[in-house]
Amino acid sequence: MSGARGSKALGAYALERLLNAVPLVLGVIVVNFLLVSLAPGDPVTALIGEYPAPPDYVERVRAQYGLDAALPERLLRYLGSVVRGDLGFSFANRQPVATLVIERLGRTLLLMLTTVVFATAVGIVLGVWAARRPHSAVDRGATGFALAGYSIPEFWLGQILILVFAVGLGWLPAGGFRSIRADYAGWAAVVDQVRHMVLPMLALSFRYMAITTRLTRASLLEVMNADYILASRARGLSERRVLWEHGLRAAALPIITVIGYNFGFIVAGSALVETVFGWPGVGRLMYDSIFTRDYPVLLGILLLVSVSVILVNLLTDVAYALFDPRVRY
Amino acid sequence: MSRLLIVLACLAAFVAAPALAQSTPTPGGTAIVVLGSDPEHLNAGISTGYPIGAVGASLYSALVYQDADGVVHGELAEGWTVSDDNLVYTFTLRDATFHDGAPVTAADVVYTMESILGPNHGRFQRAFNEMASLEAPDARTVVITLNRPYAPLLGLLTVFDAPILPKHLYEGSDPLANPVNDAPVGSGPFRFVEWVRGERVVLERFAGYFLEPALLDRLIYRVVPQDVARSTAIEVGEADLVWGFYMPTSDLPRLEANPDVAVWKGLTIPSLYFMFVNNDHPQLGDARVRQAIMHAIDREQIVEQAQGGLGEVAGGPFGAGFRYAYSEATDYRTLYPHDPERARELLAEAGVADLTLRFVYDSARGAFAAAAEIMRDNLRQVGITLDVQPVERSVMVERVYGRDYDLTLQSFTSSGDPAIGYHRIYLTAAPGSNFVNATGYANTEVDRLLTEAAGLADQDARAALYAEAMAILAADLPTLPIFDELSTQASTANLNGLLQRLDQRDGLEFAWFGN
């Protein structure tokens with residue numbers, strides 16, 4: 001590919017983008033903080049429980065968590081602690097936010113990365129398949145599937161998958177992260193884990209698979225009409241090589257874009273899917289913290305998501321250059 | 001008492017029919033109990049949260065417990081005496097040990113109540129505020145002296161309101177931030193093994209338990225955040241017990257049809273569903289308008305359709321759970337039958353026409369949504385338009401207790417005494433305090449009668465006061481009691497020995513697996 005000069009330019013570009021991200025992240029923190037604080041609902045009520053508490057007790061709890069200060073002061077204090085690398089302390093869980101999030105991050109990443117890989121792979125294969133014979137039965141099937149997949153909400157699909165595969169057929173567990181009754185070790189534990197992962201992963205993948213299928217098909221159809229494809233064919237390359245090596249490579253940019261673009265949606269989807277399947281990940285922590293008005297946890301997760309989205313977008317841009325020699329920075 | 005009954009029943013079964021020998025409680029096995037949300041920590045002494053209380057019931061012990069009929073018995077307390085003026089309670093403790101081997105002494109009890117429960121436990125504070133002093137004259141004796149007689153005291157000394165924590169692990173620390181909160185040490189029938197946040201809490205039988213050791217080897221509380229998934233977990237055998245509180249009532253018929261699942265319905269802790277009426281509203285301030293609404297609402301239909309039959313139409317301001325707090329003379333069902341015609345007359349008398357009312361409720365409560373639809377239809381027939389406003393829970397709390405509503409549906413429980421949970425619905429309260437009377441109703445006579453009733457231990461004397469209060473409330477109708485909820489639970493069919501205590505979450509040490 002490009003020589004040393006090209007990769008140096010790419011490195012400088014990445015660094016510049018990374019520096020640009022700093023004010024963006026700060027802005028995101030401020031907006032998140034204001035949004036969360038301005039939402040109705042009092043965390044102290046959620047903390048104390050369903051009982052009339054004496055007003056002085058309520059005030060004590062409020063002061064204990066620094067909720068008695070004015071909004072600008074709380075915002076400055078929060079920004080200060082985030083800059084020092086401290087995400088704060090969870091009201092409800094009485095644990096540092098970082099500890100809570102890190103404990104669950106691995107489980108969510110496991111679910112998300114499998115989803116991205118699976119959905120991208122299946123989406124590309126379906127898309128290519130459909131693009132090879134446009135307007136055939138296969139194409140219509142794949143397009144129909146994409147339309148359906150795009151319209152079905154993840155939480156509903158999750159419940160249907162549970163009904164069919166766990167309750168009806170009894171093939172897979174209905175929820176949870178692993179079997180609780182039996183303590184598996186070694187390979188049995190891995191198999192058990194995979195069995196628990198199949199349904200949430202499918203529920204999360206569907207929409208994403210649909211988008212990738214449609215995009216691959218559209219992008220490939222466009223590319224396959226290009227002159228250099230005709231040239232490749234004229235040089236006598238097999239149709240398979242034309243399609244997979246020349247066609248797909250040129251069609252890859254939109255597909256890479258959509259991986260980055262969808263990252264944020266997968267995080268949002270995982271909050272719902274993790275709740276439906278009782279998967280103890282970050283998404284569920286986010287869902288719970290909304291209901292308990294556990295602001296530090298909510299803000300911490302939103303920050304994590306924002307930073308990840310920014311990073312993934314950067315990686316996407318870098319990936320453009322690596323995949324497509326026409327892209328230069 | 002109930003334990004004796006079980007033993008007798010088992011003996012009888014054993015003697016009468018050897019074929020039934022398998023119904024003898026057998027130790028062993030792991031039971032998985034469903035929790036709807038992750039406990040925030042495991043210190044039941046600093047929170048009134050439902051999941052923490054559930055795990056805490058198996059982990060901790062308290063001075064007393066309430067059996068399935070609500071009668072109070074000694075747990076850590078071998079017995080107690082009450083002075084003639086009903087002010088001094090003297091408890092004698094049994095020989096008991098914490099899970100770390102340290103003995104449970106009177107000093108632990110006093111320390112827990114003074115330093116942990118008193119400042120931090122919402123419900124225990126009720127009792128704590130009535131206490132003049134708490135003393136431990138020796139290692140086995142605890143003396144509680146009250147400011148004035150307070151009948152609900154014993155009901156507030158159970159494991160849900162007063163779990164006893166080890167002083168030696170908490171003294172000198174901030175009880176809210178003590179690491180023991182995440183790896184708790186109690187003196188209950190099960191001891192802590194492991195907690196994976198968001199997934200499970202694992203307990204095991206504590207061999208050194210001071211009463212009969214638990215039958216189950218392990219007890220696992222598993223977090224299943226979605227209500228439909230909870231009934232599914234029971235159906236497919238991934239859990240053994242789920243309390244009705246956590247299940248959609250619409251799933252019960254399906255579970256009842258499943259031979260591997262046992263469904264139970266009954267009245268345990270009284271739980272009353274009622275409609276708060278904002279008495280500050282210009283029209284709703286008129287008792288005739290409130291009476292009209294009561295006549296207009298078809299409570300039978302709400303019980304049948306919104307509650308899946310799991311309820312009894314409320315007969316009085318304190319429901320049906322406490323016989324002494326109910327008087328037949330002013331039964332609400334007799335006074336206010338479903339009668340749209342009468343409702344229209346009352347509204348006409350009050351000169352009310354074209355009334356639109358904001359009906360606020362917690363959107364997470366499915367039964368409330370169904371009830372709201374029925375009420376909207378009922379009230380439309382008498383010319384009242386209901387503007388149904390489902391809002392998220394924390395918003396509901398702000399709006400209702402800030403009195404920014406016209407009508408709202410609420411459910412309250414009252415543990416073992418109407419004074420614990422129901423009095424607050426009627427006692428005069430300032431706006432802005434949560435979970436008390438949000439109607440704006442203020443009646444000094446009702447305040448006096450209820451306060452006096454709370455101080456009496458004698459149930460007949462209390463009954464006379466309640467009858468008087470009920471007569472006033474029946475006419476004024478500051479809130480509209482709709483129905484008493486029936487409790488339910490679903491369990492694996494071969495899990496026996498459940499429901500030995502007033503609270504379903506308690507007494508799991510008696511649970512065992514049959515064949």
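Select B:Asp331. In this predicted model B:Asp331 is buried, with a relative accessible area of 5% (buried means under 20%, exposed over 50%, partly exposed in between, with a 1.4 Å probe and protein chains only). B:Arg333 is partly exposed at 38% relative accessibility.

Next, pick B:Glu75, B:Arg501, B:Asp506 and B:Glu509. Salt bridges that share partners join these residues into one network.

Before moving on, two notes on the model. Residues are numbered from 1 along each chain as its sequence is written, and chains are lettered from A and ligands numbered from 1 in the order in which they are written. In this predicted model local features need pLDDT of at least 70, side-chain atom pairs count only at pLDDT 80 or more, totals for chains, interfaces and linings use all residues, and side-chain values use heavy atoms, with hydrogens and water left out.

Now select B:Asp217 and B:Arg205. Their salt bridge has its closest N and O atoms 2.9 Å apart. B:Asp217 sits in the loop between β9 (200–205) and β10 of chain B and B:Arg205 in strand β9, so the pair ties together parts 12 residues apart in sequence (helices, H or I of at least four residues, and strands, E of at least two, are DSSP runs numbered from the N terminus).

Go to α17 of chain B, residues 459–476. Its 18 residues should span 26 Å at 1.5 Å a residue, and the end C-alpha atoms are 25 Å apart, which agrees (the expected span is 1.5 Å times one less than the number of residues). Color its buried residues: B:Arg462, B:Leu465, B:Tyr466, B:Ala469, B:Met470, B:Leu473 and B:Ala474. An α-helix has 3.6 residues a turn, so residues three or four places apart point the same way. What covers the buried residues of α17(B) includes α10 (332–335), α14 (418–421), α15 (423–426) and α16 (444–455) of chain B.

Finish between the chains. Here 47 residues of chain B are in contact with 44 residues of chain A (heavy atoms within 4.5 Å). Chain B and chain A bury about 4000 Å² between them, 48% of it on carbon and sulfur atoms (accessible area, 1.4 Å probe, that two parts lose on being put together, summed over both). Which residue forms a salt bridge with B:Glu199? Select A:Arg178: the closest N and O atoms are 2.8 Å apart.

How values were computed:
A salt bridge is a side-chain nitrogen of Lys or Arg within 4 Å of a carboxyl oxygen of Asp or Glu.
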